[in-house]
Amino acid sequence: MKYIKQFFFMMLLLFTVSPVLARDMDKKANVDVKEILWGHIKDSYDWHITDLGNEQQKRPVVIHLPIIVKTTTGWHVFCSSAFSEERDANGDRPYVGEDPALKNLVIKSGEAAQNPNKIVEKVGGQEVKPFDISITKTVCVLFINAILLLICVLVPASWCRKHKVDDPAPSGFTGLMHMLVMYVYNDVIKAAMGEHDAPKYAPWLLTCFFFIFLSNLMGIVPFPPGGGNLTGNIACTCFLGVTTFLITNLTGSREYWKDIFWPNVPTWLKVPVPLMPFIELFGIFTKPLALIIRLFANMMAGHAIALAFAAIIFIMFGIGESAVVNWSAGGGMSVISVAMSVFMMLLEVLVCFIQALVFTMLSAVFISLAHVHEHEPAEA
């Protein structure tokens, strides 16, 4: 009963706060849902938290991140606050700092830009992309998640070093981590790879599971250090998929490569046209691609749906000319939107676990398939 009261209190609070937020918006202004969605999903040189004040006196709350670029004048390290928050006539954010060597730098924006949301240098009427290794929002989130992952691993490891195998099982956070490790190892990794190969590849597969699971959970936390869409970034999932691809093929057995280039099929399927070898070789690349796209698409879609439900509130408060119509439509939709947002957040927690488990399971299966041994002849 206590939790039910807390839930309805939260619904009432959001129902009363959302009209106040929407009231400060210009009724004629359209809510740019696309900008809201991409503003959260895409990478950036600063970490935008929220905006304070009304439209006339808006004050963005931003965490500025370090910029590290090599331009035509050499290496430069400065803060992203050196770029103006206001956009120029081209929609770009120009450099407004004090270093004259950086006066030609801008952060491009807009759909027509060749390097959207990236730093470019204007040299002689042309745009040159500098060598950029800046600590962007995605990189910052990656560092935070990596530190949290180390803590999650080192705390249980410290307990294991201080206790014997026959000691009572740990409780609390250490017990939870032990349960997850044993579940993933016994029911996923060992079940897919067998007793012989499981210990060898368990470190990578367990790292994949906990890194993805932690990154997914941190992505649905609406405030720093959470809120970063790390696993919804194709670069992150691409690295994980390519690493699994390299492990799979660099450690593959001779029989594995034989089944690819000279499979056990009728000869006319191999020569003169290498149909089956081509299909088998093509399958090598589709497996990691499936890992990359599945994780990226599912996590990005979850974030997009949750943000779309929140944007509906502000859209409905500005659909009509009359204040009565706006408040009626917006107030009714606020309840529906908040309820659906809560449901989506609860569903996202389950999706976070499932996507980490699926990635780990498929990686274990792909690696296991690369360790096939020579087929033994059937007994008469």
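Trainee: In this predicted model, about how much accessible area do Val335, Ile336, Met340, Phe343, Leu347, Leu350 and Ile354 have together?

Mentor: Val335, Ile336, Met340, Phe343, Leu347, Leu350 and Ile354 form a nonpolar patch on the surface of the predicted model. One of these residues, Phe343, has its place in helix H8, which covers residues 323-369. Taken together, the residues of the patch have an accessible area of about 590 Å².

Trainee: Is Phe343 buried, partly exposed or exposed?

Mentor: The relative accessible area of Phe343 is 48%. Buried would require a value under 20% and exposed a value over 50%, with partly exposed in between, so at 48% the class for Phe343 is partly exposed.

Trainee: Are helices H4 and H7 roughly parallel or roughly antiparallel?

Mentor: Helix H4 (residues 172-220) packs with helix H7 (residues 275-316) at an angle of about 20°, and their axes lie 11 Å apart. Because angles under 35 degrees count as roughly parallel, the relation of H4 to H7 is roughly parallel.

Trainee: What is the handedness of the crossing in which H4 passes H7?

Mentor: The angle of about 20° and the axis distance of 11 Å describe how H4 and H7 pack. The crossing in which H4 passes H7 is right-handed.

Trainee: Which residue forms a salt bridge with Lys108 at 3.0 Å between the closest N and O atoms?

Mentor: Lys108 lies in the loop between strand E6 (105-107) and strand E7 (119-123), and the partner sits in the loop between strand E4 (74-79) and strand E5 (93-94), 16 residues apart in the chain. Both residues of the pair are buried. The partner of Lys108, with the closest N and O atoms 3.0 Å apart, is Asp92.

Trainee: In the salt bridge of Glu127 and Lys108, which residue counts as partly exposed?

Mentor: The side chains of Glu127 and Lys108 meet at 2.8 Å, N to O, and the pair links strand E8 (residues 126-128), which holds Glu127, with the loop between E6 and E7, which holds Lys108. At 9% relative accessibility Lys108 counts as buried. With a relative accessibility of 39%, the residue that counts as partly exposed is Glu127.

Trainee: Lys190 forms a salt bridge with Glu195; what is the relative accessibility of Glu195?

Mentor: The closest N and O atoms of Lys190 and Glu195 are 3.8 Å apart. Lys190 counts as partly exposed at 24% relative accessibility. Glu195, by contrast, counts as exposed, because its relative accessibility is 59%.

Notes. Residues numbered from 1 in each chain as written. Predicted model: local features only at pLDDT ≥ 70, side-chain atom pairs only at ≥ 80, totals over all residues. Heavy atoms only, no water. Patch = residues over 30% accessible without salt bridge, like charges linked within 9 Å, V, L, I, M, F, W, Y side chains within 5 Å. Areas by Shrake-Rupley, 256 points an atom, 1.4 Å probe, with all protein chains shown as cover. Salt bridge = Lys/Arg side-chain N within 4 Å of Asp/Glu carboxyl O. Helix = DSSP H or I, 4+ residues; strand = E, 2+ residues; numbered from the N terminus. Buried < 20%, exposed > 50% of the residue type's maximum accessible area, 1.4 Å probe, protein only. Axes fitted to C-alpha atoms, helices over the stretch in contact; angles between N-to-C directions. Parallel < 35°, antiparallel > 145°, perpendicular 65-115°, else oblique. Left-handed = near helix turned anticlockwise from the far one by under 90°.
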